[in-house]
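Please look through the sequence and the model below before reading on. The paragraphs that follow begin with a single residue and then widen the view.

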Amino acid sequence: GETRQKISEIRSAHAQMIRTRELLGDTNGWRCVVDNHKEISTYHRQEEGTPIHSIKVVGIIEAPLQHLLSLIIEADLIPTFINFITIIVDQLKVSSPYHQILYSRVPLP
């Protein structure tokens, strides 16, 4: 019944968290471009067979949780926050307010 459904939802969320942790730990093809500057490291990877460049930023962000969650929930609004360059953000998939796959394009010199 309802209890089994809740247990199933919890197990599904847990499996998704495990996959997310694995993605964060993925080192395949990532090249560190900034190592631990103010406790933040930045990595770059050219996506094989595509013109896409991926950037991963790893670090501890000291901010209230609600501020971080609003960035995730409102990721599609990022172009309205930064108006001095053209940024394109498309939500490709929204599984929940906190689980999204985004495509963003930022023109670089």
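In this predicted model, serine 54 counts as buried, because its relative accessibility is 18% and the cut-off for buried is under 20%. Serine 54 lies in strand β3, and its side chain is joined to that of glutamate 47 by a polar contact of 2.6 Å. Leaving aside residues up to four places away in sequence, serine 54 touches Trp30, Tyr43, His44, Arg45 and Glu47.

The strand that holds serine 54 belongs to an open sheet of 3 strands, which are arranged in the order β1-β2-β3 with antiparallel pairing. Its edge strands are β1, covering residues 31-37, and β3, covering residues 53-59, and each of these pairs on one side only. On average, and with direction ignored, neighbouring strands of this sheet are turned by 15° against each other. Strand β2, made of residues 40-46, runs antiparallel to β1 and is joined to β1 by 4 bridges; threonine 42 in β2, for example, is the bridge partner of valine 34.

Seen as a whole, the chain has 3 helices and 5 strands, and from the N terminus on its elements follow the order α-β-β-β-α-α-β-β. The chain is more spread out than a compact globule, because its radius of gyration is 17 Å, well over the 13 Å that the globule rule gives for 109 residues. Along the principal axes, the C-alpha atoms fill a box of roughly 55 × 35 × 35 Å. Buried residues, serine 54 among them, make up 8% of the 109 residues, while the chain exposes about 9400 Å², of which carbon and sulfur atoms supply 58%.

How values were computed. Residues numbered from 1 in each chain as written. Predicted model: local features only at pLDDT ≥ 70, side-chain atom pairs only at ≥ 80, totals over all residues. Heavy atoms only, no water. Pairing = 2+ DSSP bridges. Helix = DSSP H or I, 4+ residues; strand = E, 2+ residues; numbered from the N terminus. Axes fitted to C-alpha atoms, helices over the stretch in contact; angles between N-to-C directions. Buried < 20%, exposed > 50% of the residue type's maximum accessible area, 1.4 Å probe, protein only. Polar contact = N/O pair within 3.5 Å; in protein donor to acceptor, adjacent residues only side chain to side chain. Contact = heavy atoms within 4.5 Å. Rg over C-alpha atoms; globule rule 2.2 N^0.38 Å. Areas by Shrake-Rupley, 256 points an atom, 1.4 Å probe, with all protein chains shown as cover.
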